[in-house]
Amino acid sequence: MLVSTAFMFVGTGLRCVTTDPKYAIWSMGGGQLLNGLAGPVTQAGPPLLSAYWFPSHQRTTATAVAALCGSLGVAMSFLIGPGFIKDVKTELDALLPKPLNQTANISLLLEKYTDSSLPLEDSVYFDAQHYWSLDELNITLEDIPVVSARNSPYFPSTSIPFPQLSHPKRNRRSSPSFWRTEVMTEVKDAKSTEKGLAFGRVEIVPGIVNESVLTNGQDAWLKLGHFTNKCLGEPKLCKDGLTVSFWIKYHESDSQIQYFMGTSGTEQGYRGFLVYQDFTRDVEDHLTIKVENSTLLWERSFYVPRDTWVHVMFTWDSTAGLSIFTNGILAGKDNVGKTTNPLSPYFTTLTVGRPNDKFVFSNASFDEVAVWYRKFHPLEIETIHNRLNGNEIRDEWEFYRKAKVELIKEGESQIMALLYIQFGVVTILFLAVVIYFPDKPPRPPSHSAKIKREDFSAGVKQIFRNPHFWTLGLVYGVTTGVYSGWGASLAVNLETFNISQKNAGWLGFYATIAGIGAGLILARCADLFGGRMKALLVFLFFGSSGCFLWFSLLCLRMIPFDNNSLYKSSILGGFFVSGTIPLFYELTVETTYPIAEGVTTGLLTLINNAFTVIFLLILTIPGVGTVWMNWCMFGACAGCIPIMLSFREKYRRLDIDKGTKSDEPTKKESLESSVPDGANNRLDKKESEL
């Protein structure tokens, strides 16, 4: 123990020597090597200490307390890292995105957005798929046959008076059918050939950029085009995402619900997007945006004051979910979504001033409506808002360079502060061991504590020939070793589902704390009901298998996904797996007795570490992904159930303490510890014959 803490003292001290990358790689690596050499001693020590210091009815509990102190340290590490040290990479990514596609970089886009020498159509909206400035309405006359006019897309499905419709007249030069001249009020899309139309008493009023359109909440609305088999009408076709931008100033209405614009119907299950206000579900002065594809619905409400121009811009893709910005600032997001059942037939017309499946109207003004078929970065959204609103636009690249230097410097100082704290804690522990760490108590607490164990070399030889040890060792190594690697990679695993490093840290913390609780409870049960460790282990493996199967299905969205279920499955999985640790230590020591406890648990620790290393090495394979990690965790737990069911447990040390065997291990017991069960059975039969 003294050598182990000395290694830790020197190792943590080496890590504090320098932050210069040229030398830190050696000082940090050397320090970690010494800490790693100290690990097996501290991990293998608890069963040895409990054997010499505690009676038989307290041994498993004592082992659990000592062994799970290490797990408590792991739990604290999930919080200490994110709590002490700023996530520099995440901070930098928030300031500067990666290239958005293969041909455009953010720098080129920002230059284009901020070029005030160009009109908005060629700067802010230069790469938009659709752009309606809503500055003016083009009024034209069009002759439509009376017969076909009733089926015209310009006619709504309900009877609403349209004052622009003229009286019918006879067309003498063609067939003797009747025609009528209709006044068409067109809305121009500057980026496509989609034909937009205005209906009812639509008004042109002052807007943010020149003029805007006002729908009166009674009969006025816009139809901006049909988007069947297009990204805007069917978001599942949006390979690179979807972004919609518009200015809105809404007014009080007699209706409890106002539908402002969208390509989705009013019911869940209609694909597309919808912007609406629902006083029956949400608080006053809040709007809601929903986006649906064929399987999931993303939805979030956000604050928008009435009678005030507000720039709303939302961006979505199926991976990152929905993010909503007001006046260039993040107002809300839904990263996960919820499952929904698609409805058919569905609607794909983009309407403004009412939903496309009902004739209920909203009282609002709209300006500068634009659509992009890709996801936007917050920096782009902020830049576009500043350009439209006439705000001063900062030099983003200079700001980024300065922020990068500051963040790296701040991160280095925070890392060094944490290393100094760790060194201080280890120094105190080292001094405590030097000053007082007795070898054994004045009086042995049990009969087995008085018995001399096999010496190290003889014990190692016997344990390598002991099939019982290898059965338990491999089961322990596969489950806890894989779980250690899985927990260490939890942030990487959950990054796929847009769960931040901080939230992943809390998830790991709660899972480890739950495991500590399980270990203490079950260890106490094992002491109270001696000889039942196998049954407890099988129970824990069934529980962990179910939890990690649940977790895997959630991650693949094969069952309804939500954060609560993700947290519950992970935390309960940690509860069941970590609960096995003290039970494995004690059962293995009982099975291999009279081999020294330190030899047995030391080899268990090495097996555990070997499987952790194998798991982490697989992660380094290019393109391997993270889905396999969850199935590997499930398979590790489920695969060990039949092995444990067939294992024959033995309690040699406990039998001596209870007085059912003599204090000294017989020659037969020493042989049994190194031969298979079948050989033991033959030995028993031979003894009975004699």
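Strand β14 (residues 310-317) and strand β15 run antiparallel and are joined by six bridges; two strands count as paired if DSSP finds at least two bridges between them. Helices (H or I, at least four residues) and strands (E, at least two) are DSSP runs, numbered from the N terminus. This is a predicted model, in which local features need pLDDT of at least 70 and side-chain atom pairs count only at pLDDT 80 or more, while totals for chains, interfaces and linings use all residues. Residues are numbered from 1 along each chain as its sequence is written, and side-chain values use heavy atoms, with hydrogens and water left out.

To find your way along this pair, look for Thr315, whose bridge partner in β15 is Ser323. β14 and β15 form a hairpin, with three residues between them. On to the next pair: five bridges join β15 to strand β16 (residues 329-334), and these two also run antiparallel. Here Leu322 has Asp334 in β16 as its bridge partner. The hairpin of β15 and β16 has two residues between the strands, and Asn327 takes a positive phi near 50 degrees in this hairpin.

Is β15 buried or exposed? Six of the six residues of β15 (residues 321-326) are buried, so this strand is largely enclosed by the rest of the structure. Buried means under 20% relative accessible area, exposed over 50%, and partly exposed in between (1.4 Å probe, protein chains only).

## Strand β9 and its partners

Now find strand β9 (residues 242-250), which is largely enclosed by the rest of the structure because eight of its nine residues are buried. Seven bridges join β9 to β14, and the two run antiparallel. Ser245 has Met313 in β14 as its bridge partner.

β9 also runs antiparallel to strand β19 (residues 363-372), joined by seven bridges. In this pair, Ile248 stands opposite Phe366 in β19.

## Helices α16 and α17

Helix α16 (residues 580-592) packs against helix α17 (residues 597-619) at an angle of about 130 degrees, with their axes 9 Å apart. That makes α16 oblique to α17. Axes are lines fitted to C-alpha atoms, for helices over the stretch in contact, and angles run from 0 to 180 degrees between N-to-C directions. Angles under 35 degrees count as roughly parallel, over 145 as roughly antiparallel, 65 to 115 as roughly perpendicular and the rest as oblique.

Which residues of α16 and α17 meet? Phe584, Tyr585, Thr588, Val589 and Thr592 in α16 are in contact (heavy atoms within 4.5 Å) with Glu597, Thr600, Thr601, Leu604 and Thr605 in α17.
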